[in-house]
Amino acid sequence: MKNTSLHSVLTQQHHDLGGKAAVISGATTLMYGDWWLCDPIFSGKSILLYFSDAASLAKALIAFDGVAKAICPLSNEIREGDLEHILSLHSFDYAVTNVSGSKQSIFSEKGIVPISLPDIGILKKSNSGGSKLTKWLVPTSGTTSKPKLVEHTLHSLANSALKSENGAEGNEVWALFYDPTRYAGYQVLFKALLKGSTLISPGLNDPISERVQVCIDNNVTHISATATLWRKILMSPGAENIPLKNIVLGGEAADQPTLNALRAKYPKAKIIHVYASTEAGVAMSVSDGLAGFPIEYTEEQSAGTKLKIVNDRLYINSKAAGSSYIGERELFDSDGWVDTGDLVRLEEGRFFVIGRANGVINVGGDKILPERVRHLLLEHPKVSDAHIYGKKNPFTGMLLVADVKLARGADPKTIPNELKEFVRHQLSATHEPKIINIVDDIATNSTGKVT
């Protein structure tokens, strides 16, 4: 796949699928064979892609890869402050979008020429893709800080999908539960397109029950989502009617209760837990139904990927990693290792990702990982989901707060004290949430992670 483009790959591999839907996003459908190559005026230019649906985004990605110097796809749901920050990291020539009106003004103010996607006259139908190596600028989640831009190529972004596409039947139906402009979303997009399968994109802002119904109506066989989103799917009426063959958990650590619940509801589906990041790429996966990863993964190289744990922190050396941060610090150390920023715990021959190093909450001098408390609460039979965060306190600096969604039948009056005691006995008094709020739902962002 070296020195080629997404357009060329799809044209060569799926030239006989012209009448098949590639991406369906609401009322917009992109068909296989309906590929467009952009006008040569965009050659060597940096292009911002700003879209409201996955089908239009996919069409633009196929058009510009191999022609543009750089492309940076962004969701039109991105926060204005984050958009301003990203525009400060790189100089863009054009902003191609299907979003009209006032939302385009921010580009004009920055000297970026906005172009409407429906003005298809600027694009030309072609049977051959571009030959340039286009940089793909991928934003990090920005959950705990401003998003960074990681430089990738099609080769590094699609590394995992390219390894598995050979011999695929193309009869899979994938559902997109991630923002398609983020790393996890690209993995789903490439898995579907490179296999000649169909990708269904339910609205990311639609209620989870509606997204589940879309999956049922379209006979979805493959879904990749965070453990948090999978818990929401599991609790949705009719979820058992999705004819799933393949379940992927990524974006955050998979807890054992969620893995067990998925196995019970979808006994015939293959369940895969993946560890990946925007910087390091897809680093490892496991399908044995257990939380965490075998410690042997740190002792042996797999498909060009090496792992190591130093001072309880995970480092990755991978061919699928990005090449650099744009406008910021170096991505690698001198030996090619990426510091993931994730802390791990070793137990009984496995290692568990227990939280971000920059997410530690200091409670009276004790460093608490909120994800560890959250995962413990998820083991309680009366808890269906939880979110742990810090609140400023004049005495301890910070104190722990838990938003908890109860399982059906749990008594909201007695559960707070019960959960506090449960945490205190399993971990310590310092880990005990001092405030427990009973909530109707746990909010997630476009990456499927808890906000």
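Author: Start with a term. Two strands pair if DSSP finds at least two bridges between them. One caution too: this is a predicted model.

Reader: Which strands pair with E4 in the parallel sense?

Author: The general idea is this. Strands of a sheet pair through backbone hydrogen bonds, either parallel or antiparallel. Here, strand E4 (residues 46-51) pairs with strand E5 (residues 70-75) in the parallel sense, over six bridges. Within E5, Ser 75 stands opposite Phe 51.

Reader: What is the order of the open sheet of seven strands?

Author: Read it as E7-E6-E4-E5-E9-E10-E20, with mixed pairing. The edges are strand E7 (113-116) and strand E20 (324-325). Each has a single partner strand, so one side of each is left without a neighbour in the sheet.

Reader: Which helices lie across E5?

Author: Take helix H3 (residues 80-89). H3 lies across E4, E5, strand E9 (135-139) and strand E10 (149-152). Its direction runs at about 175° to E5. Helix H7 lies across E5, E9 and E10, and runs at about 125° to E9.

Reader: H7 also meets H1. At what angle do the axes cross?

Author: The axes of helix H1 (residues 6-13) and helix H7 (residues 183-194) cross at roughly 30° and come within 10 Å. Angles under 35 degrees count as roughly parallel, so H1 is roughly parallel to H7. H1 brings Leu 6, Val 9, Leu 10 and Gln 13 to the contact, and H7 brings Phe 190, Leu 193 and Leu 194. Six residues of this contact are nonpolar, one is polar and none is charged.

Reader: How do I read the spacing of residues along a helix?

Author: An α-helix has 3.6 residues a turn, so residues three or four places apart point the same way. Look again at the contact: from H1, Leu 6, Val 9, Leu 10 and Gln 13 take part.

Reader: How many residues has the largest nonpolar core?

Author: It has 48 residues. Those with the most contacts inside it are Val 23, Ile 47, Leu 49, Leu 61, Phe 64, Trp 136 and Phe 190. Helix H2 (residues 54-64) gives the largest share, nine residues. Now zoom in on Leu 49. Not counting residues up to four places away in sequence, Leu 49 touches Leu 57, Ala 60, Leu 61, Phe 64, Ile 71, Cys 72, Pro 73, Leu 74 and Val 96. There is also a second, separate core of 32 residues, which includes Ala 175, Val 212, Leu 244 and Leu 369.

Reader: What is the order of the open sheet of three strands?

Author: The order is E25-E26-E27, again with mixed pairing. Strand E25 (383-393) and strand E27 (435-438) stand at the edges with a single partner strand each, so one side of each has no neighbour in the sheet. Direction ignored, neighbouring strands are turned by 25° against each other on average. E25 and strand E26 (residues 397-406) pair in the antiparallel sense over 10 bridges.

Reader: How many residues of helix H9 are buried?

Author: Eight of the eight residues of H9 (residues 227-234) are buried, so H9 is largely enclosed by the rest of the structure. Among them are Arg 231 and Lys 232. The buried residues pack against H8, E13, strand E14 (246-249), helix H10 (256-265), H11 and E25.

Reader: Last one. Which residues have a positive phi?

Author: Most residues other than glycine have a negative phi. Asn 219 is one case to check, with a positive phi of about 55°. Asn 219 sits in the loop between helix H8 (208-217) and strand E13 (222-225). At 48% relative accessibility, Asn 219 is partly exposed. Glu 348 has a positive phi of about 50°. Its place is in the loop between strand E21 (338-347) and strand E22 (350-356). Glu 348 is exposed, with a relative accessible area of 77%.

How values were computed
Residues are numbered from 1 along each chain as its sequence is written. This is a predicted model: local features need pLDDT of at least 70, side-chain atom pairs count only at pLDDT 80 or more; totals for chains, interfaces and linings use all residues. Side-chain values use heavy atoms; hydrogens and water are left out. Axes are lines fitted to C-alpha atoms, for helices over the stretch in contact, and angles run from 0 to 180 degrees between N-to-C directions. Helices (H or I, at least four residues) and strands (E, at least two) are DSSP runs, numbered from the N terminus. Angles under 35 degrees count as roughly parallel, over 145 as roughly antiparallel, 65 to 115 as roughly perpendicular and the rest as oblique. Contact means heavy atoms within 4.5 Å. Ala, Val, Leu, Ile, Met, Phe, Trp, Tyr, Cys and Pro count as nonpolar, Asp, Glu, Lys and Arg as charged, and the others, Gly among them, as polar. A nonpolar core is a set of buried Ala, Val, Leu, Ile, Met, Phe, Trp, Tyr and Cys residues joined through side-chain atoms within 4.5 Å. Buried means under 20% relative accessible area, exposed over 50%, partly exposed in between (1.4 Å probe, protein chains only).
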